[in-house]
Amino acid sequence: MKLWTPDRVYFEPTAKNTAVGQRVLDYCKSKSIPILQTTSHNQVRDLPGKDEKEKYASAKKTLVVGTKRSMKFDVCKPSAHYQFSLMTNCPGSCEYCYLFSTQGKKPYVRVYVNLDDIFDTVEKHIEKRLPHATMFEAASTGDPLAVEHITGTLKDTIQHFGTLDKGRLRVVTKYANVDALLNVKHNGHTRFRFSINSEYVTKNFEHNVHSLDARFKAANKVGEAGFPLGFIIAPIMIHENWREEYKELLEKLYEALPSKRNSTITFELIQHRFTMNAKNVIEERFPNTKLEMNPEERTKKWGKYGRTKYVYPKEDINEVKGYIEGLIKKLFSRSHIQYFT
Ligand code: SF4
């Protein structure tokens, strides 16, 4: 799969006067991509398309380069202490994407140029928790590797965290273009995780992301480059043949990591969940989706900001948890399962 190329790129007023802005500008020129101006990302309206589906497709081909204004880092349980954004949204189009709950109305891809402000805020948060190390998640509002060939900001960030004695970074991706990151001085401070799933889930619901095989190969490269390595299996779905398919997934992963399978890789396990808001957006954007989102077959759970999420009934999900954790422990005896949620 080719790396993402936007059809149009909007710059907020001062974005071009930054190192990252210049990189994006050079990229646009090299690809002859139309460069447009906007006062703010909120003003990016009237994207081409006669209906919601077409407008969504246009937004997914639109990049907005701007400044991250809010420097308020949210808490990021259970994977890290805090989260920050190098970008928001994603060129991928996974039908189950968690961003439908929060970014449903603005699906264009945004990247941020003010890395110095972000790094300053990171350091302030680290100071508050000294002498303990502080963990930051950089991929909770999008997939930064998906736009790394345009911005280079993930590389800058990994490098920066390599210099921070008490700062640790976590990234997760469904992309495989890791080559430019392999020689970065990460100092073991960035845990690189790959999001993986059963064949049924990847085939039916993941679009415009790299194949599972490509992710496996990238994971092996990242592991060999000395990065702490991890995998997120998410969203775990109870579908026909789920037992066989999750077993096959973990066996393939084992085969793909000849030198890393016995190291302390981490696993994070997240069951499928949805909000009613996300369900409505998904059904509008993917009218033929096979995603199972029947609230009557699920259990209600209160989420962040008072949102109600629908998860699998306890009895069913406990069976899945026991089964998948058992497979992981058998195949990856030195791994650490960090949580199942
Ligand atoms: Fe969403 Fe991740 Fe898929 Fe991008 S890769 S669309 S962020 S689930």
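This briefing covers the ligand shell and the salt bridges of the structure. The model is predicted. A search of the whole structure finds 16 salt bridges.

**Ligand shell**
- Residues around the ligand include Cys-90, Cys-94 and Cys-97.
- By class, the shell holds 7 nonpolar, 2 polar and 1 charged residue.

**Arg-193 and Glu-137**
- Arg-193 forms a salt bridge with Glu-137, with the closest N and O atoms 2.9 Å apart.
- Arg-193 sits in strand E10 (residues 190-196) and Glu-137 in strand E8 (residues 134-137), so the bridge ties together parts 56 residues apart in sequence.
- Arg-193 counts as buried because its relative accessibility is 1%, under the 20% cut-off.
- Glu-137 is also buried, at 4%.
- Both residues belong to a salt-bridge network that links Glu-137, Arg-170, Arg-193 and Glu-268.

**Arg-243 and Glu-319**
- A salt bridge joins the side chains of Arg-243 and Glu-319, at 2.2 Å from N to O.
- This pair links distant parts of the chain: Arg-243 is in helix H9 (residues 242-256) and Glu-319 in helix H11 (residues 314-331), 76 residues apart.
- Arg-243 is partly exposed at 35% relative accessibility, and Glu-319 is partly exposed at 42%.

**Lys-279 and Glu-283**
- The side chains of Lys-279 and Glu-283 meet in a salt bridge of 3.0 Å, N to O.
- Both lie in helix H10 (residues 276-285), 4 residues apart, or about one turn of the helix.
- Lys-279 is buried at 14%, whereas Glu-283 is partly exposed at 36%.

Technical notes
Residues numbered from 1 in each chain as written. Predicted model: local features only at pLDDT ≥ 70, side-chain atom pairs only at ≥ 80, totals over all residues. Heavy atoms only, no water. Near = heavy atom within 4 Å. Nonpolar A, V, L, I, M, F, W, Y, C, P; charged D, E, K, R; others polar. Salt bridge = Lys/Arg side-chain N within 4 Å of Asp/Glu carboxyl O. Helix = DSSP H or I, 4+ residues; strand = E, 2+ residues; numbered from the N terminus. Buried < 20%, exposed > 50% of the residue type's maximum accessible area, 1.4 Å probe, protein only.
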